[in-house]
Amino acid sequence: MVIEDNQHLTYGPYKLVQINNAGVNFNYGSDNQLEFAEQVITTNYFGTKNIIKAMIPLMRPNASGARIVNVSSRLGRLNGKRNRIGDLTLRHQLEDVDSLSEELIDKTVNTFLEQVKDGSWTSGKWPQTCADYSMSKLAVNAYTRLMAKMLSDRPEGQKIYINCYCPGWVKTAMTGWAGHTSPEDGADTGVWLALLPDPDQLVTGKFFSERREISF
Ligand SMILES: NC(=O)c1ccc[n+]([C@@H]2O[C@H](COP(=O)([O-])OP(=O)(O)OC[C@H]3O[C@@H](n4cnc5c(N)ncnc54)[C@H](OP(=O)(O)O)[C@@H]3O)[C@@H](O)[C@H]2O)c1
């Protein structure tokens with residue numbers, strides 16, 4: 001990558017990629033440690049959203065397009081069997097890309113945070129497992145789909161492809177080194193998405209695990 005005239009990011013034979021990996025989780029196992037909920041949502045969702053917004057105007061993709069990869073988690077799935085938002089209407093709104101908006105995603109996480117703070121939070125309304133972390137990744141996933149839609153009408157030569165993926169349960173500090181996937185294997189799908197050969201394999205607005213598309 002080359003920084004050109006201190007303003008725009010460009011590249012020669014290389015692909016222009018942004019991988020949003022930073023994240024925090026203060027839950028151990030499947031507990032609900034909500035003391036740090038604000039930090040979790042701020043870092044994992046608002047931090048990711050803000051860096052994407054800051055970088056897009058600086059990206060000057062070439063013919064093969066730029067790529068954004070958000071490191072997310074299956075815990076953020078909208079329709080997970082045991083770990084999902086209780087409100088069916090809200091779930092449908094977040095699922096339908098036509099009704100999805102930044103305001104809706106922000107309002108959802110902010111309502112969750114308000115309920116954590118005022119004590120009205122109950123596990124029936126929100127994900128039961130690692131609720132704050134799950135909500136933060138649900139928001140990252142929803143924002144990935146929204147951005148893919150918003151970026152979809154860019155002309156050839158200025159395309160930006162954005163996807164998210166779950167690395168699995170990885171042996172890192174976040175899991176206390178207890179995961180069963182190595183960091184190298186955990187990174188594999190992210191690198192694959194960032195470097196997908198163009199043009200026929202290019203995808204956008206999708207969720208992956210182990211190089212396969214999974215449902216939101
Ligand atoms: N490990 C898993 O099983 C697993 C499963 C699903 C998804 N993920 C996701 O994978 C990504 C990487 O996690 P990991 O397992 O590698 O966790 P990790 O070992 O705890 O690493 C997290 C990284 O995020 C950085 N970070 C945290 N807060 C930040 C902030 N406010 N600004 C900038 N950087 C910040 C940390 O930097 P410092 O070291 O400088 O604090 C660290 O490099 C996260 O998004 C996580 O949610 C992990």
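The model is predicted. The protein chain holds five helices and seven strands, and 18 residues surround the ligand. Buried residues account for 46% of the 216 residues in the protein chain.

**Overall fold**

- Read from the N terminus, the elements of the protein chain follow the order β-β-β-α-β-α-α-α-β-α-β-β.
- The protein chain has a radius of gyration of 17 Å, close to the 17 Å that the globule rule gives for 216 residues, so the chain is as compact as a globular protein of that length.
- Along the principal axes, the C-alpha atoms of the protein chain fill a box of roughly 50 × 40 × 35 Å.
- Of the contacts in the protein chain between residues at least 6 apart in sequence, 70% join residues at least 24 apart.
- The protein chain has an accessible surface of about 11,000 Å², and carbon and sulfur atoms contribute 53% of that surface.

**Ligand site**

- Among the 18 residues that surround the ligand, the closest are N21, Y133, G168, V170 and T172.
- By residue class, the shell around the ligand consists of nine nonpolar, eight polar and one charged.
- T172 places a polar side-chain atom 2.6 Å from an oxygen atom of the ligand.
- In the side chain of K137, an N or O atom is 3.0 Å from an oxygen atom of the ligand.
- G23 contributes through its backbone, where an N or O atom lies 3.3 Å from an oxygen atom of the ligand.
- The ligand taken alone exposes 890 Å², and the protein buries 58% of that area.

**L34, in the loop between β3 and α1**

- L34 sits in the loop that runs between β3 (17-20) and α1 (37-55).
- With a relative accessible area of 16%, L34 falls under the 20% limit and is therefore buried.
- Leaving aside residues up to four places away in sequence, L34 touches F112, V116, W121, A131 and D132.
- L34 and W121 are 87 residues apart along the chain, and their C-alpha atoms are separated by 10.0 Å.

- T181 is located in the loop between β5 and α5.
- The relative accessibility of T181 is 16%, so T181 counts as buried.
- A polar contact of 3.5 Å links the side chain of T181 to the side chain of H180.
- Not counting residues up to four places away in sequence, T181 touches P167, W169, V170, K171 and G186.
- W177 also lies in the loop between β5 (160-166) and α5 (183-195).
- W177 reaches 59% relative accessibility and counts as exposed.
- Although W177 is not a glycine, its phi is positive, at about 65°.

**R211, in the loop between β6 and β7**

- R211 is placed in the loop between β6 (207-209) and β7 (212-214).
- The phi of R211 is positive, at about 65°, although R211 is not a glycine.
- R211 has a relative accessible area of 41%, so R211 is classed as partly exposed.

Notes. Residues numbered from 1 in each chain as written. Predicted model: local features only at pLDDT ≥ 70, side-chain atom pairs only at ≥ 80, totals over all residues. Heavy atoms only, no water. Near = heavy atom within 4 Å. Polar contact = N/O pair within 3.5 Å; in protein donor to acceptor, adjacent residues only side chain to side chain. Areas by Shrake-Rupley, 256 points an atom, 1.4 Å probe, with all protein chains shown as cover. Nonpolar A, V, L, I, M, F, W, Y, C, P; charged D, E, K, R; others polar. Helix = DSSP H or I, 4+ residues; strand = E, 2+ residues; numbered from the N terminus. Rg over C-alpha atoms; globule rule 2.2 N^0.38 Å. Buried < 20%, exposed > 50% of the residue type's maximum accessible area, 1.4 Å probe, protein only. Contact = heavy atoms within 4.5 Å.
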